[in-house]
Amino acid sequence: MARVLTAVAGAAMARATLAVGCFSKFLNPVPAVRSFSASQSLHQVADPVWNLGQLNHVAIAVPDLKKSTAFYQNILGAQVSEVVPLPEHGVSVVFVNLGNTKMELLHPLGNDSPIAGFLQKNKAGGMHHICIEVDNINAVMMDLKKKKIRILSEEVKIGAHGKPVIFLHPKDCGGVLIELEQA
């Protein structure tokens, strides 16, 4: 029995060595990527005129607001708000309270709704944007314009929570539409 176990263990070691040999190029250390010097990074963040806060909500575009609301309320047991029409944004929203944050269910309101276009491309719906709080929305707007980050409106608008908001172009934000909201 001991010889059988030794032979099996030896064969396993040989296979492992062969496998490591096949993937040896992945085991070599990756060359270091050039990073910013300490003076550069300190210069970039020194004396911020605004601060990023917590995640406020994740917005999900839904093709059927009533059905989606019922799912979160009746199946998952979440607390949900009433439907809130926001004609100035072309959407109707329902907020799903998650305790430490919220989800915002978005549904088109009218034919000119940006959500209608999103749902044409994504028939089943999907994540539309994330919202992060900031402590000074006007300073954010000026600072991001200086940094050449595209903002989707010329002025701050009032969002679904009745607070000032701006939206940042997804191509400047890693492919994600970001809403910044005054805390």
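This is a predicted model: local features need pLDDT of at least 70, side-chain atom pairs count only at pLDDT 80 or more; totals for chains, interfaces and linings use all residues.
Two strands count as paired if DSSP finds at least two bridges between them.

**Entry 1: the hairpin**

I looked up the hairpin of β4 and β5 and found four residues between the strands. Within this hairpin, Gly99 takes a positive phi near 90 degrees. How many bridges join β4 to β5? I found seven, with the strands running antiparallel. β4 spans residues 91–97, and its Asn97 has Lys102 of β5 as bridge partner.

**Entry 2: the other partner of β5**

Next I followed β5, residues 102–108, to its pairing with β1. Strand β1 covers residues 52–61 and pairs with β5 in the parallel sense, over five bridges. One pair I noted here is Ala59 with Glu104, the latter in β5. Is β5 mostly covered or exposed? I have it as mostly covered, with five of its seven residues buried.

**Entry 3: helix α5**

I moved on to α5, residues 114–121, and asked which of its residues are buried. My list reads Ile115, Ala116, Phe118 and Leu119. These four cover an arc of only 160 degrees around the axis, which puts them on the same side of α5. A reminder to myself: an α-helix has 3.6 residues a turn, so residues three or four places apart point the same way. On the other side of α5 I found Pro114, Gln120 and Lys121 exposed.

**Entry 4: the cores**

Last, I turned to the nonpolar cores. The largest has 14 residues, and Val140, Leu144, Ile166, Leu168 and Leu180 have the most contacts inside it. Which elements each supply at least two of its residues? I wrote down β6 (126–134), α6 (137–146), β8 (164–168) and β9 (178–182). The largest share, five residues, comes from α6.

I then took Val140 by itself. Leaving aside neighbours within four places in sequence, Val140 is in contact with Trp50, Val134, Ile166 and Leu180.

Apart from this core lies another, of ten residues, including Val91, Phe95, Ile115 and Leu119.

Definitions and conventions
Residues are numbered from 1 along each chain as its sequence is written. Side-chain values use heavy atoms; hydrogens and water are left out. A nonpolar core is a set of buried Ala, Val, Leu, Ile, Met, Phe, Trp, Tyr and Cys residues joined through side-chain atoms within 4.5 Å. Buried means under 20% relative accessible area, exposed over 50%, partly exposed in between (1.4 Å probe, protein chains only). Contact means heavy atoms within 4.5 Å. The arc is that of the directions from the helix axis to the C-beta atoms.
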